[in-house]
Protein chains: 2
Amino acid sequence: MAAIQPPKAQYQQVAALLRERIHDGTYTADQPLPSEPQLSAELGVSRQTINRAMNLLRSEGLVRVRRGFGTFIRGVPQVTRDAKKRYAARNQGTGAGDVEIKALGLTPRTEYVEIGRVPAPAAVATVLSIETGAPVLVRRRHLFANDEPTQLADSYIPWDIAEGTELLNRNVGRGGSYTRLAELGHGPVRFTEEVTVRTATDDEASLLELDGGQPVIDITHIAWDAADRPVEVALHVMPGNLWRLRYDWDDPTADEYPTVDGEV
Amino acid sequence: MAAIQPPKAQYQQVAALLRERIHDGTYTADQPLPSEPQLSAELGVSRQTINRAMNLLRSEGLVRVRRGFGTFIRGVPQVTRDAKKRYAARNQGTGAGDVEIKALGLTPRTEYVEIGRVPAPAAVATVLSIETGAPVLVRRRHLFANDEPTQLADSYIPWDIAEGTELLNRNVGRGGSYTRLAELGHGPVRFTEEVTVRTATDDEASLLELDGGQPVIDITHIAWDAADRPVEVALHVMPGNLWRLRYDWDDPTADEYPTVDGEV
DNA sequence: CAGTGGTCTAGACCACCAC
DNA sequence: TGGTGGTCTAGACCACTGC
């Protein structure tokens, strides 16, 4: 084994060593990693240094700690989320949130946490162009793959659109909620998404079973109807290491290339 | 949701306190934060605990350490990168990488690190559908806003397309490189982007002046010509906290809503 | 109960920076 | 040279887990 020498910090060297052992199969997913005191003795560094190395691996999403029990390898593959295809897939009779999970042979599960009328939070109100506190329908879901949490998804629809419709049911019926919106004269024809990366809040970390400081992907998805009114906003929060987002589009200006100076 | 929470770790409480003081203006950007020994004395916790709190703030991108000097607030606002508009902007005579920065009133700067013929790295070769090691043109840039690094961008073009063209120059001429590609019969008509979040490598952390463990956004941008050949791939690496990505698209299936059961 | 990881402290040495 | 943050150690206490 490579010696632990101080050109780099020891905890970084320990982390590198553990990463290697995880990749080459020295440690397997069915067993906990050696305990911190054990590694401390084996590598001749203090337990604090081992602990710091573990924290690195945790922030990378490589391992997961079960307190009082041990540290385990996280075996979840990366899921690809294709922004266009996932909405097209509503016609395949699958909940859009499940498409990507099934594609990997994993078992998706959706837990409905809340469906009902609430006052619009400020961020949602801004997006929907309504007053803060104005009534909206919220549909709050937690999504899992093989019982591991993969995503929090809260979707909001203005109450004047949703009131008294099937959108209040757990199962919104054939074709999904966008089909219901279409029947109500608000069929989405355009979507926008804004993606940011930030550290998880305490609540999110707890719900997604993340360690503090792990980054999450925050997606604000907006559906616009033909009158250019925002009719639904969905807020997605996902573990950063778990997802790969895919977007594609045609060049709107392919015809009009040469004009002025510039570089790409 | 706000159930009874266990008392938080001291370093988290310290971090929360410092966050608050940064936001309410107790600490300002022109002065270093109080030193760790000072805070240790003031708050009655050990220096280690202060240091751990500082590491949290660093991983959030809120502060930045200048070793041997002090810890400073990072004052960089978030930059929005609109996938479609940035390419359309090539016709405004601006380097596409600069559009977003100028929009915020910051001063962009592009540093060309390498322009030349290299063997294709494996990841690039796969995307371009060529052999690993086959020659490609690489254009490697580092982008800054107000002299703070904001992005690494490496773009690759198959050598059989780029050879002997203006694409080898630092300034590729009117309309940017996509205009040159169009003149060569490979004008991009479609783009795909894949976005992942991961921890920075050592090199990236050093170039982007990040702390270890800070997340980066990794974008693989591919330009396709009318024959559906990938003619350029650009790899972008950006500090995760610094950017907001925006995508928008029209619903390709807006006409064909109702079909089978499903939820969204 | 014994073993696990989470956290905290006191003390120490070091590399780096400004003066 | 003195102050800064980066790191490491030994020892300790705690909450949580499974047996």
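Predicted model: local features only at pLDDT ≥ 70, side-chain atom pairs only at ≥ 80, totals over all residues.
## Basis of the model

Local features are given at pLDDT of at least 70 and side-chain atom pairs only at pLDDT 80 or more, while totals for chains, interfaces and linings use all residues. Residues are numbered from 1 along each chain as its sequence is written, chains are lettered from A and ligands numbered from 1 in the order in which they are written, and side-chain values use heavy atoms, with hydrogens and water left out.

## DNA strand C

A residue is near a strand if one of its heavy atoms lies within 4 Å of it. There are 27 residues around DNA strand C, and A:Arg47, A:Gln48, A:Arg58, B:Gln10 and B:Thr49 come nearest. Sugar or phosphate supplies 66% of the atoms of DNA strand C within 4 Å of the protein, and bases supply the rest. By class, this surface has seven nonpolar, 13 polar and seven charged residues. Here Ala, Val, Leu, Ile, Met, Phe, Trp, Tyr, Cys and Pro count as nonpolar, Asp, Glu, Lys and Arg as charged, and the others, Gly among them, as polar.

Polar contacts are pairs of N or O atoms within 3.5 Å; within protein, one atom must be able to donate a hydrogen and the other to accept it, and residues adjacent in sequence count only if both atoms are side-chain atoms. A base nitrogen of DNA strand C lies 2.6 Å from a polar side-chain atom of A:Arg47. Phosphate oxygens of DNA strand C are 2.7 Å from a side-chain N or O atom of B:Ser46 and 3.4 Å from one of B:Tyr11. The elements giving two or more residues to this surface are helix H2 (36-43), H3 and strand S2 (70-73) of chain A, with H1 and H3 of chain B. Helices (H or I, at least four residues) and strands (E, at least two) are DSSP runs, numbered from the N terminus.

## DNA strand D

Around DNA strand D there are also 27 residues, and those that come nearest are A:Gln10, A:Thr49, B:Arg47, B:Gln48 and B:Arg58. Of the atoms of DNA strand D within 4 Å of the protein, 67% belong to sugar and phosphate. The surface near DNA strand D divides into seven nonpolar, 13 polar and seven charged residues.

Phosphate oxygens of DNA strand D lie 2.5 Å from a side-chain N or O atom of A:Thr49, 3.1 Å from a polar side-chain atom of A:Arg52 and 3.4 Å from a side-chain N or O atom of B:Ser35. Two or more residues each come from helix H1 (10-23) and helix H3 (47-59) of chain A and from H2, H3 and S2 of chain B.

## Helix H3 of chain B

Helix H3 of chain B has 13 residues (47-59), which should span 18 Å at 1.5 Å a residue, and its end C-alpha atoms are 18 Å apart, in agreement. The expected span is 1.5 Å times one less than the number of residues. After the helix, B:Gly61 has a positive phi of about 80°.

Buried means under 20% relative accessible area, exposed over 50% and partly exposed in between (1.4 Å probe, protein chains only). The buried residues of H3(B) are B:Thr49, B:Ile50, B:Ala53, B:Met54, B:Leu56, B:Leu57 and B:Ser59. These residues pack against strand S7 (188-199) of chain A and, in chain B, against helices H1 (10-23) and H2 (36-43) and strands S1 (63-66), S2 (70-73) and S8 (215-225).

## Aromatic pairs

Over all chains there are nine aromatic pairs. Rings of Phe, Tyr and Trp (its six-membered ring) pair if their centres lie within 6.5 Å; planes under 30 degrees apart count as stacked, over 60 as edge-to-face and the rest as tilted. A:Phe191 and B:Trp249 form a tilted pair, with ring centres 5.7 Å apart and planes at 35°. This pair crosses from strand S7 of chain A to strand S10 (residues 243-250) of chain B, and both A:Phe191 and B:Trp249 are buried.

The rings of A:Tyr247 and B:Trp249 are also tilted, at 55°, with centres 6.2 Å apart. A:Tyr247 lies in strand S10 (residues 243-250) of chain A and B:Trp249 in S10 of chain B, so this pair joins two chains. A:Tyr247 and B:Trp249 are both buried. One aromatic cluster is formed by A:Tyr178, A:Phe191, A:Tyr247, A:Trp249, B:Tyr178, B:Phe191, B:Tyr247 and B:Trp249.

A:Glu204 is in helix H9 (residues 202-207) of chain A and counts as buried at 11% relative accessibility. Contact means heavy atoms within 4.5 Å. Not counting residues up to four places away in sequence, A:Glu204 touches A:Leu152, A:Arg198, A:Glu209, A:Val216 and A:Val237.

A:Leu106 sits in the loop between helix H5 (99-103) and strand S4 (108-119) of chain A and is buried at 16% relative accessible area. Beyond its neighbours within four places in sequence, A:Leu106 is in contact with A:Pro77, A:Ile101, A:Ala145 and A:Asn146. A:Pro77 is 29 residues from A:Leu106 in sequence and 9.8 Å away, C-alpha to C-alpha.
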